[in-house]
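Keep the 3D view open as you read.

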Amino acid sequence: MASTTDSKIILITGANKGIGFATARHLGRAGHTVLLGARDPHRGETAAATLVQDGLDARYLHLDVTDPTTVDDAALHIADEFGHLDALINNAAITGDRGRPPSGLPTGVLREIYETNVLGVVTTTNTMLPLLRRAAAGRIANVSSGLGTIAILADPDSPLRDYARLLGYNSSKAALNAITLVYAAELTGTTITVNAVSPGFCATDLNNHTGVLTADEGGAHIAHQIDFSPASPHGVFLSDQGGTYPW
Ligand SMILES: NC(=O)c1ccc[n+]([C@@H]2O[C@H](COP(=O)([O-])OP(=O)(O)OC[C@H]3O[C@@H](n4cnc5c(N)ncnc54)[C@H](OP(=O)(O)O)[C@@H]3O)[C@@H](O)[C@H]2O)c1
């Protein structure tokens, strides 16, 4: 991880398992206070307790990105306890279109995917932005995927070609990429940076454990991409391989 000498307050959505949980563990080990957003209290408390047992400063926060009341309550809690937020990692996401051709995906499933992967990010970002503005160097990291990159979806020779037909997931991540750039444009000239970040293809529940990396490796990639230094990139899609992805 780049240039962190002091402890930061970092909120990760969907942090009770998978890459979000692994990201929390890596950032906690780096000495930061990690707030594990989770929609299910039992899963969230269990995840936070696991990190606390490891000696990390980890707290569960009830946060369902599709339920604005829980996001508002989480922001109030952070304001009361810390007064500001240093980093928001928009990690929570779902897929519901695996095994279904685009032409066979019910609109209701598409809507559910967008509620979480797109609108949930906007709700959480807008609600947390006042707290991020109070930080010395606020950071917003949107966990995206190469499957949201139009250039990759358009490439018939892409190694990701087998996954090109995920209508809901891929288009939601493409929307997330656009959202990242739009927020980056609004926040240019402030101390807040906004980037899309990538864990790499990890074996998690999201893909029925077909990924080639572990969730822990994915979490390490995300943690590494959170840069609190003044040299932090801004308005780019950071690749897990280093460098950047095309949009
Ligand atoms: N796995 C990969 O290869 C890969 C590659 C590129 C990008 N990504 C991205 O990495 C992120 C994490 O994915 P993952 O692979 O770790 O998936 P995962 O294991 O399925 O974890 C997803 C997390 O999101 C949470 N979540 C879902 N809906 C939520 C909601 N409405 N509010 C709050 N939390 C919610 C889940 O909570 P529950 O336990 O309650 O369901 C879970 O904690 C996602 O943004 C995904 O798109 C993954």
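In sorting residues by type, Ala, Val, Leu, Ile, Met, Phe, Trp, Tyr, Cys and Pro count as nonpolar, Asp, Glu, Lys and Arg as charged, and the others, Gly among them, as polar. By that scheme, the shell around the ligand divides into twelve nonpolar, 13 polar and six charged residues. The model is a predicted one, in which local features need pLDDT of at least 70, side-chain atom pairs count only at pLDDT 80 or more, and totals for chains, interfaces and linings use all residues. Numbering starts from 1 along each chain as its sequence is written.

**Around the ligand**

The ligand is surrounded by 31 residues, and the closest are Gly-14, Gly-18, Ala-93, Thr-204 and Leu-206. A residue is near a molecule if its C-beta atom, placed from the backbone, lies within 6 Å of it. Helix H1 (18-29) and helix H4 (107-133) each supply at least two residues of this shell. H1 gives the most, with three residues. Helices (H or I, at least four residues) and strands (E, at least two) are DSSP runs, numbered from the N terminus.

**The fold as a whole**

Seven helices and six strands make up the elements of the protein chain. From the N terminus on, they run β-α-β-α-β-α-β-α-β-α-α-β-α. The radius of gyration of the protein chain is 17 Å, close to the 18 Å that the globule rule gives for 247 residues, so the chain is as compact as a globular protein of that length. That radius is taken over C-alpha atoms, and the rule is 2.2 Å times the number of residues to the power 0.38. The C-alpha atoms fill a box of roughly 50 × 40 × 30 Å, taken along the principal axes.

Two residues are in contact if their C-beta atoms, placed from the backbone, lie within 7 Å. Among contacts between residues at least 6 apart in sequence, 69% join residues at least 24 apart.

**Inside the protein**

A residue is buried if 20 or more other C-beta atoms lie within 10 Å of its own, exposed if 12 or fewer, and partly exposed in between, with C-beta atoms placed from the backbone. Buried residues make up 48% of the 247 in the protein chain. A nonpolar core is a set of buried Ala, Val, Leu, Ile, Met, Phe, Trp, Tyr and Cys residues joined through C-beta atoms within 7 Å. The largest such core has 64 residues, and Leu-36 and Ile-89 are among those with the most contacts inside it. Leaving aside neighbours within four places in sequence, Leu-36 is in contact with residues including Ile-12, Ala-24, Ala-47 and Leu-61.

Ile-89 has Ala-141 as its bridge partner in strand E5. Four bridges join strand E4 (residues 87-90) to E5, and the two run parallel; strands pair if DSSP finds at least two bridges between them. Five of the five residues of E5 (residues 139-143) are buried, so this strand is largely enclosed by the rest of the structure. Arg-139, Ala-141 and Val-143 point one way from E5, while Ile-140 and Asn-142 point the other way.

Thr-214 is partly exposed, with 16 other C-beta atoms within 10 Å. Beyond its neighbours within four places in sequence, Thr-214 is in contact with Cys-202 and Ala-203.
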